Amino acid sequence: MNLSPQHGSTPSGPRIAVLGGGIGGLAAAAFLYRAGLHATVFEQAPALGAVGAGLVVSPNAVRLIRRLGHLESLLEKAVPLEVGWEFRRWESGEVLSAEQLTGRCEELYGERTYVAHRVDLLESLIVAVPEEWLRLGKRCIGVTQYSEVAELKFDDDTTFSADVVIGADGVHSVVRGAIAEAEPAQYSGMCAYRAIVPAEAAPEFARRPAQTLWIGPDHHLVHYPISSGTAVNLVAFAPAGDFTEESWSTKATIEEFLDEFAGWDPRLTDLIRAAGIPGRWALLDRAPLTQWSHGRITLLGDAAHPMFPFFAQGAAQAIDDAAVLAQCLTLDPDNPENALKAYEQLRIERTTKVQQLSHARKDINHLPDGPAQQERDAALAQGDPLVKNAWLYGYDAESWVKEEHAPTAGPERD
Ligand code: FAD
């Protein structure tokens, strides 16, 4: 398998369409480019990367971004975490558990964990994709599969035929509707309050290079520094009531945010007061799919496996998908249907597990005070959390393909 970049070579292999220019779609394009394949990325927005807030970039994603050759672009602004998953009790701030990352994370996994603005992560991927591959302002309204090609249809009455379609078009995926159930995502009954607090307005404890989670009845709140430490990303989860808007631009008031966290540690409510006008976002839910590749069409990232953000792995799993998919297509360029099935089989068990664990954290993080909460807190205090997460952080998506891929069985056909 040749993994060296083939930059500048004549397009070869299948004609690939990637739908969606988010983290997953751009990562897919970047890995395809590195593999010497050729793709076109269609994104509905007129520009890439304008929106978003903070993200944890865990070692499994960092090692892949490093291989794309542009990690330094991310590291210009990403903050290396010294402490990860610092769980605190809601009304006292008592530390229940924490990962001591400095030195140990590299020692165990070969990479650090970073916290970054989503835009900074996107930029480190954009520079790894040839500009001429990008088609912006192209909203897809349907995908049809024929025996020899798959065809994307856009709202400007244009179409594009491809040998392979990768649906990286997020939780509301149009592509998903072409190969799995076309039902809309369900509202989860939870929402996220989000804010980016200027560092100078944030209390000192929130400026530490730590990913801190305050957990309490029906709610939890997460904060960490981003953007070279000039800002603190704050995201808090609470019951949504009848609120169902899912948009980066919907606003809440500081009073609504404070009401949700009334009675919590005053250091936290001070941080909320510093938040300015918070955003509010309804969290969606979907059950895991049992398959996501069909013929020439496949899914990737949130389109395939949307998850609650409680394991901080949605973007990382999309990047893992991208690396595996590019390798499967490289190994089987003349039989994309085989390649897409192999990709699904290599990824689906792991992403389903992360989806399910993220889902379960909703209940675990939000236990009311009482015996179950005491049991949870005791469990959190046991063992080394960094080692407990080895199955996630130690996963090398590309090595996994080399170890597990057996391009022999053909895909099931209708
Ligand atoms: P998206 O980012 O949704 O991108 C889809 C793209 O497709 C968009 O650009 C969209 O415009 C485009 N598109 C959609 N439909 C069409 C169409 N019809 N035609 C053309 N283009 C289309 N992940 C982590 O790894 N770490 C974290 O710490 C973390 N924290 C999170 C916190 C919150 C509150 C939330 C909500 C998510 C968090 N995530 C985190 C998850 C992460 O943001 C997502 O999993 C990730 O962005 C998924 O990327 P994607 O490319 O699959 O989908």
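Mentor: Buried means under 20% relative accessible area, and exposed means over 50%. Keep in mind that this is a predicted model.

Trainee: Got it. Which residues of helix α12 are buried?

Mentor: Gln-373, Arg-376, Asp-377 and Leu-380 are buried in α12, the helix of residues 371-380.

Trainee: How wide an arc do the buried residues of α12 fall within, seen down the axis?

Mentor: The arc is 95 degrees, so the buried residues line one face of α12. An α-helix has 3.6 residues a turn, so residues three or four places apart point the same way.

Trainee: And what exposed residues sit on the face turned away from the buried side of α12?

Mentor: That face of α12 carries Pro-371, Gln-374 and Glu-375.

Trainee: What do the buried residues of α12 pack against?

Mentor: Strands and helices both. The strands are β5 (83-89), β6 (95-100) and β14 (210-216). The helices are α11 (336-365) and α13 (385-388).

Trainee: Switching topic. At what angle do α1 and α5 pack?

Mentor: About 20 degrees, with the axes 9 Å apart. Here α1 is residues 23-34 and α5 is residues 118-126. Angles under 35 degrees count as roughly parallel, so α1 is roughly parallel to α5.

Trainee: Is the crossing of α1 past α5 left-handed or right-handed?

Mentor: Left-handed.

Trainee: Which residues make the contact?

Mentor: From α1, Ile-23, Leu-26, Ala-27 and Ala-30. From α5, Arg-118, Leu-121, Leu-122, Leu-125 and Ile-126.

Trainee: How many of those are nonpolar, polar or charged?

Mentor: The contact of α1 with α5 has eight nonpolar residues, no polar ones and one charged.

Trainee: Now loops. Where is Glu-111?

Mentor: Glu-111 is in the loop between α4 (104-109) and β7 (114-117).

Trainee: Buried or exposed?

Mentor: Glu-111 has a relative accessible area of 6%, so it is buried.

Trainee: What does Glu-111 touch?

Mentor: Leaving out residues up to four places away in sequence, Glu-111 touches Pro-59, Val-62, Arg-63, Arg-66, Cys-105 and Glu-106.

Trainee: How far apart are Glu-111 and Arg-350?

Mentor: They are 239 residues apart in sequence. In space, Glu-111 and Arg-350 are 21 Å apart, C-alpha to C-alpha.

Trainee: Last one, Ser-227. Where is that?

Mentor: Ser-227 is in the loop between β15 (219-226) and β16 (231-239).

Trainee: Why does Ser-227 count as buried?

Mentor: Because Ser-227 has 18% relative accessibility, and the cut-off for buried is under 20%. Ser-227 touches Lys-77, Val-79, His-117 and Asp-120, again not counting residues up to four places away in sequence.

Note on methods: Residues are numbered from 1 along each chain as its sequence is written. This is a predicted model: local features need pLDDT of at least 70, side-chain atom pairs count only at pLDDT 80 or more; totals for chains, interfaces and linings use all residues. Side-chain values use heavy atoms; hydrogens and water are left out. Axes are lines fitted to C-alpha atoms, for helices over the stretch in contact, and angles run from 0 to 180 degrees between N-to-C directions. Helices (H or I, at least four residues) and strands (E, at least two) are DSSP runs, numbered from the N terminus. Angles under 35 degrees count as roughly parallel, over 145 as roughly antiparallel, 65 to 115 as roughly perpendicular and the rest as oblique. A crossing is left-handed if the near helix is turned anticlockwise from the far one by less than a right angle, and right-handed if clockwise. Contact means heavy atoms within 4.5 Å. Ala, Val, Leu, Ile, Met, Phe, Trp, Tyr, Cys and Pro count as nonpolar, Asp, Glu, Lys and Arg as charged, and the others, Gly among them, as polar. Buried means under 20% relative accessible area, exposed over 50%, partly exposed in between (1.4 Å probe, protein chains only). The arc is that of the directions from the helix axis to the C-beta atoms.
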